[in-house]
Amino acid sequence: MSQKVLLSSKEINIILHRLACQLLENHLDFADTVLIGMQPRGKFVAERLTKILKEEYKVKHIEVGFLDITFYRDDFRRGDKPLEANQTNIDFLVEDKKVVLIDDVLYTGRSIRAALTAIQSFGRPSEIELLTLIDRRFSRHLPIQPTYRGRQVDAINNEKVVVLWEENDGKDQIYLINK
Amino acid sequence: MSELSVNHLLGIKYINEKDIQLIFETADQFKEVINRSIKKVPSLRDITIANIFFENSTRTRLSFELAEKRLSADVINFSAGQSSVKKGETLIDTVNNILSMKVDMVVMRHPNPGAGIFLSKHVKAAIVNAGDGAHEHPTQALLDSFSIRERFGDVAGKKVVIVGDILHSRVALSNIFALKLQGAQVKVCGPKTLMPKHIGSLGVEVETDLRKALNWCDVANMLRIQNERLDISYFPTTREYTQQFGVNKALLDSLDKEIVIMHPGPINRGVEITSDVADSKQSIILNQVENGVAIRMAVIYLLASKIK
């Protein structure tokens, strides 16, 4: 099993700042915008971005929620994926809001498809955007593309992109493993 | 991969502590789902479930049906009263006929103990026991423990007294198994005539003085006097039962501490508990009903994931 570092802690930080600026450019004061981090790993990206936006770019108020898509997956009873659901924590309605879905890695696009269905349970958003830290090119099963992308990666199917976060895994790092 | 250790939920006796925790953790998420404005998820859209009730039920049946619909399963309902069972069809024939219509799961209530176990050995479908005679009622016990966990944070170490007709109660038996598995202390309280002979072998203590039992416990689960199962007189009159084993507000207020009151329903108001107790803030009876849907969603979801 080989391992290759894709992004270091410093690079991740620069990319997160760039993504925060891009969000700011499109959403200004975030009055009509909500950020939705996808459970389990998109949560960290959403939290980091919120922190940067609030502390460094002085955005006063941002609504942030976390969405779990386990019950909306299209591979129930089909695979070896764990069934365990994570917490959904969205205590606001997304009716007429601009929703930014946030995840760490965009791969087949099936999770995003599930999220697009799941988000309807919380209202009808005026529009939905997608932000992903890593975009795995050439591996999509569905016609889904990110609005904001951190880094595009060419990875073949038996490779896996692993994203580590300091608050969860002890350090910030993104690497590619070949199984 | 986290999954249940069983393919059917026939009783708490056949599952382990890890299964209970997995059901609770899944039910936590479903509880959030059923409090959304759109209370439905598409998980089970390719699953068909038959609710087969050979015995009357309102709450359990509605709760199961709602849980199934919230998971987007297709549901068919069957009551023995209006069916060919009256014409002499056997249980296996009835169920196999229903399964020929491509049903994946059967939720069954039956007056005979062990009916679910029998069925699970003879038909090809996941079976959920929704009450089999005086044997078990596993989803009720799970939702009772889930409600205790919700109120106290944990079931382990809590003191629970089950009051009433222990002899005929499937709720009592399933609750004892579930509570003991999770490390709670359990006492049973009621007339000696309504105590099973070897109840002590389940690791529970018998207390015949209600006041003592209530002063000891954190939670009192008040069972209904099941007049339909009382073939002979087990106590002189309902009035006398109420005097000895009924909970009223005055008794609750005179205790050393504030205890939580549960009841599996339907309540005989004024018999096992008075109206002011049932409607007091110490009662979590309606929380139990709400949790019932979440628990049944979790059970059905986890069992359905094992259907190949």
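Analyst: Happy to! Let me begin with the chain as a whole. In chain B, 75% of the contacts between residues at least 6 apart in sequence join residues at least 24 apart. Please keep in mind that this is a predicted model. Chain B holds 11 helices and nine strands, and 47% of its 308 residues are buried. Its C-alpha atoms fill a box of roughly 55 × 45 × 35 Å along the principal axes. The radius of gyration of chain B is 19 Å, which agrees with the value near 19 Å for a compact globule of 308 residues.

Now to the pair itself. Two packed helices are described by the angle between their axes and the distance between the axes. Here the partners are helix α2 of chain B, residues 59–70, and helix α11 of chain B, residues 285–304. Their axes come within 8 Å and cross at roughly 55 degrees. An angle between 35 and 65 degrees falls in the oblique class, so α2(B) and α11(B) are oblique to each other. The crossing of α2(B) with α11(B) is right-handed.

As for the residues that meet, α2(B) contributes Arg59(B), Ser63(B), Phe64(B), Leu66(B), Ala67(B), Glu68(B) and Arg70(B). On the α11(B) side, the partners are Val289(B), Gly292(B), Val293(B), Arg296(B), Met297(B) and Ile300(B). Sorted by class, this contact between α2(B) and α11(B) has seven nonpolar, two polar and four charged residues.

Technical notes:
Residues numbered from 1 in each chain as written. Chains lettered and ligands numbered in written order. Predicted model: local features only at pLDDT ≥ 70, side-chain atom pairs only at ≥ 80, totals over all residues. Axes fitted to C-alpha atoms, helices over the stretch in contact; angles between N-to-C directions. Helix = DSSP H or I, 4+ residues; strand = E, 2+ residues; numbered from the N terminus. Parallel < 35°, antiparallel > 145°, perpendicular 65-115°, else oblique. Left-handed = near helix turned anticlockwise from the far one by under 90°. Contact = placed C-beta atoms within 7 Å. Nonpolar A, V, L, I, M, F, W, Y, C, P; charged D, E, K, R; others polar. Rg over C-alpha atoms; globule rule 2.2 N^0.38 Å. Buried ≥ 20, exposed ≤ 12 C-beta atoms within 10 Å, placed from the backbone.
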